[in-house]
Amino acid sequence: MIVAERKSIAEIRSLVDRYASILVVGCDSCVAECAAGGHRETQLLAAALKLSFHKDGKSPIISEACLDRQCVDDFIEGIAHQVPEHEAILSLGCGAGVQALARVYTTTPIIPALDTLFIGETEMRGVWQENCLGCGQCKLGYFGAVCPVTRCSKKLMNGPCGGSKDGRCEVNPEIRCGWQMIIDRLTSLGELDRLAEYVPPVDWSRSHSGGPRRVVREDQKP
Amino acid sequence: MNTESKLEKVLAAGHFAVTAECGPPKGSDVSVLERKAAHLVGRVDAVNVTDNQTAIVRMSSIAACSILKGMGIEPVVQMVTRDRNRIALQSDLFGAYALGLRNVLCLTGDHHSFGNQKAAVGVFDLDSIQLVRTVRDMRDKGTIIDGEAIQGAPKMFIGAAENPFADPVAWRVTRLAKKVAAGVDFIQTQCVFNVDRFEEFMLQAHNAGLTDKVSVLAGVTPLKSAAMARYMATKVAGMDIPEELLKRISGVPKEKQAQEGITIAVETIQRVRKIPGVAGIHLMAIEWEEKVPEILESAGLAQRPQV
């Protein structure tokens, strides 16, 4: 899933202060799972904004809505009747959601309320871990299902570097050394031989380095 | 002999090699570099110039190496993969060779979060082992990455680093073997303070048949003070300073700690010299280049071979 965090009220205010009516739109998918932009967070943000404006003696119209998915047109159309009544939309979707709304509602400003961070997993309640960079050439099969591109701070394909200590990364002891994880996992699977060979440079043309990516499937088109 | 490197000649002739390190200035002041390097001229077989070490912006290693070469020093260019992609790295290798530089040390580099440009993008297009292979293919096949032929291949003597003290410890010799297979000619190790652990690493490397294929230079750093020792032990990534050494330097009065640090460095040199497979030392006297002659004299390494 996509993991995001809400921006500060101050930053959001600096972006929306110019509007007299704002539609706050949540997304009940990934960003709900990471407790940043779901139904509950949409209500909380709308209330916090009203309070913040109130303190400044302002009272713009603030309405709420929450879509099941902000990145799919079928769902986006669910707020079509509310959009014309507002000067702007404040989106609690990820970056993809914000841009999808902008593509559909061409004349309405769409303001992001979240900082989109990464593709990751819920490791435990309240903890989300980045574990995929979407490099376009999944190599997890060679590395015991631990991604060196994401979990190693230096993206080493022939790691670990000299900064691995007690299973921790030199960058920050809060970060686990991805290469220690790879070696431990392959050791326990009896597949350490997978690491004996030199791994050549990655072809980053399949990643964002090749420009914005697009998947076109004729068999899926209407 | 694969290259015109003087360092390669020294090692190939079986001499115990001595290299030193020189950190370039944080700016364009050539006189800073010249002052430091003056202590090293004629004293060591080669001088390694760091590439924005600990991710602090400094004069480029290639430019500084070129200046050192003009002073009669055999330079070793450091190249980290943190800041440049494969286009820039390969271009700079062409340029370095064109300037007469004949040795390159291939590193990934300290993470930029340690430095003074924390908001930078970390490139890491290649890792150090991939850079070693790239330099080797330039030299031995006359090609760049993906096989395209080049005009005038740089023929570099190729170095890399290894840290015998980092985790997972059991993996360190395997990683050394990968570097050897990728084409490395010499290895500079992380600063050796834990000589027992280093000896164990060298024995494993020797048993794996690696010491016949690669020249290992043991990294030696003189400690300036107990405070520096504590700092390195706790704050510098990948450093292993045993508690007894920390106690030893802390146990002498402050004004005598620098001398104690030098004595420890000399003892370390004498111990590592006896370890089979150690081909030389790499002396990293950090911002203390003026002590290099004294350390080498005390260690009996003042006379450098003429090759």
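Guide: Here is a look at a helix, then at the contact between the chains, then at a sheet. Keep in mind that the model is predicted.

Start with helix α2 of chain B, residues 30–38. Its buried residues are B:Leu33, B:Lys36 and B:Ala37. Viewed down the axis of α2(B), they fall within an arc of 95°, so they line one face of the helix. The general rule is that an α-helix has 3.6 residues a turn, so residues three or four places apart point the same way. What do the buried residues of α2(B) pack against? Three elements of chain B: β1 (17–22), β2 (46–49) and α3 (61–70). Turn to the other side of α2(B), and B:Ser31 and B:Ala38 are exposed.

Now the contact between the chains. Chain B gives 25 residues and chain A gives 22 residues. On the side of chain B that touches chain A, the elements giving two or more residues are α5 (128–141) and α6 (172–182) of chain B. That side divides into 11 nonpolar, eight polar and six charged residues.

Cross to chain A for the sheet. Three strands form an open sheet, in the order β1-β6-β7, with antiparallel pairing. β1 (2–6) and β7 (127–132) of chain A stand at the edges. Each has a single partner strand, so one side of each is left without a neighbour in the sheet. From one strand to the next, the twist averages 70°. β1(A) pairs with β6 (residues 114–124) of chain A over five bridges.

Conventions: Residues are numbered from 1 along each chain as its sequence is written. Chains are lettered from A and ligands numbered from 1 in the order in which they are written. This is a predicted model: local features need pLDDT of at least 70, side-chain atom pairs count only at pLDDT 80 or more; totals for chains, interfaces and linings use all residues. A residue is buried if 20 or more other C-beta atoms lie within 10 Å of its own, exposed if 12 or fewer, and partly exposed in between; C-beta atoms are placed from the backbone. Helices (H or I, at least four residues) and strands (E, at least two) are DSSP runs, numbered from the N terminus. The arc is that of the directions from the helix axis to the C-beta atoms. Two residues are in contact if their C-beta atoms, placed from the backbone, lie within 7 Å. Two strands pair if DSSP finds at least two bridges between them. Axes are lines fitted to C-alpha atoms, for helices over the stretch in contact, and angles run from 0 to 180 degrees between N-to-C directions. Ala, Val, Leu, Ile, Met, Phe, Trp, Tyr, Cys and Pro count as nonpolar, Asp, Glu, Lys and Arg as charged, and the others, Gly among them, as polar.
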